[in-house]
Amino acid sequence: MSKAIFEKGIDVSKYQGTINWQAVALSGVKFALLRCVSTNKSGLYIDPSFERNYAECKKYGIKVGVYYYTYALDKSYADKELDLVFSCLDGKSFEYPICVDIEDGSTAKLGRQVGTDLLIYQLETLQNKGYYASIYTYYAYQKSYLDMARLQGFDMAIACYTRENYYKGAYGIWQYSSSGSVPGIKGNCDLDFSYKDYAVIIKNAGLNGFDKLEEPPITEPPTTNQIEKLKAENEMLRQKLSNIHKESEI
């Protein structure tokens, strides 16, 4: 049985150019995963489209999540990536997960155990900072280079470009195409299905820049004695009002 789709989304980076987010919203896209950080030959950098994409999504009512493409081969570089990610997230709110995008050939060379160790470190660091952390990878990568049994406690956004998703583990987002066409975006775009109401989950938990919703205090039902006392007080009040009414008629 196929999973019930909650809403449709996309994920984008600088490679999609300047996006007309109003047109994207009118097309029925409900959420967007925005790339915030990556590495090139010059080193770590913030995706130049991130700030504009975030502001435009908020303007047009598109829910926002984030991913960063990791090249970390050790905790030292992972910390540098995360520091830059946190600088992007600061002062903002996100209805969708903060994803560690692990899919590069360089990280694959770490092997299953070391690569999984480092990914867990990154995910837990995000969680400890109050963010809803998720893994973002593709089907073949997780199968060959990650120990998914150790990662079952984390959410998953899985890329698998087939008619049906081959991945049999739990996941909240399926990136089902890398060559989609979306109004307002020139060229190809990654297309996603979401299967969870992430906005409710995240807001209720007070994560991703949202304040936790306070639950109403639990009150005990009144005892029999308290009920009888209230009845007696009400009867006394009723009698006083009745006497006042009679006196006003004299």
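## Aromatic pairs

Start with the rings: this predicted model has 16 aromatic pairs. Take Phe 50 and Tyr 54, whose ring centres are 6.4 Å apart. Their planes meet at 35°, so this pair counts as tilted. Both residues belong to helix α2, which covers residues 50–59, and they are 4 residues apart there, or about one helical turn. As a rule, an α-helix has 3.6 residues a turn, so residues three or four places apart point the same way. Phe 50 and Tyr 54 are both buried.

Tyr 141 and Tyr 145 make another tilted pair, with 5.1 Å from centre to centre and 55° between the planes. Here, too, the spacing is 4 residues, or about one helical turn, this time in helix α6 (residues 139–145). Tyr 145 has a relative accessible area of 33%, so it falls between 20% and 50% and counts as partly exposed.

## A cluster, and charges over rings

Some rings gather into a group: Phe 31, Tyr 96, Tyr 132 and Tyr 198 form one aromatic cluster.

Lys 3 has its charged end over the ring of Tyr 195, 4.7 Å from the ring centre. The charged end of Lys 129 sits over the ring of Phe 86, with 5.6 Å to the centre.

## Back to helix α2

Which residues of α2 are buried? They are Phe 50, Asn 53, Tyr 54, Glu 56 and Cys 57. So what do these buried residues pack against? Their partners are the strands β1, β2 (31–40) and β4 (63–69), along with the helices α1 and α3 (75–89).

After α2 comes Gly 61, which has a positive phi, near 75°.

## Gln 16 in its loop

Gln 16 lies in the loop that runs between β1 (7–12) and α1 (21–26).

The side chain of Gln 16 has a polar atom 2.9 Å from the backbone nitrogen of Ser 13. Leaving aside residues up to four places away in sequence, Gln 16 touches Asp 11, Ile 185, Lys 186, Asn 188 and Cys 189.

Technical notes:
Residues are numbered from 1 along each chain as its sequence is written. This is a predicted model: local features need pLDDT of at least 70, side-chain atom pairs count only at pLDDT 80 or more; totals for chains, interfaces and linings use all residues. Side-chain values use heavy atoms; hydrogens and water are left out. Helices (H or I, at least four residues) and strands (E, at least two) are DSSP runs, numbered from the N terminus. A polar contact is a pair of N or O atoms within 3.5 Å; within protein, one must be able to donate a hydrogen and the other to accept it, and residues adjacent in sequence count only if both atoms are side-chain atoms. Contact means heavy atoms within 4.5 Å. Rings of Phe, Tyr and Trp (its six-membered ring) pair if their centres lie within 6.5 Å; planes under 30 degrees apart count as stacked, over 60 as edge-to-face and the rest as tilted. Buried means under 20% relative accessible area, exposed over 50%, partly exposed in between (1.4 Å probe, protein chains only). A charge sits over a ring if NZ of Lys or CZ of Arg is within 6 Å of the ring centre and within 35 degrees of the ring normal.
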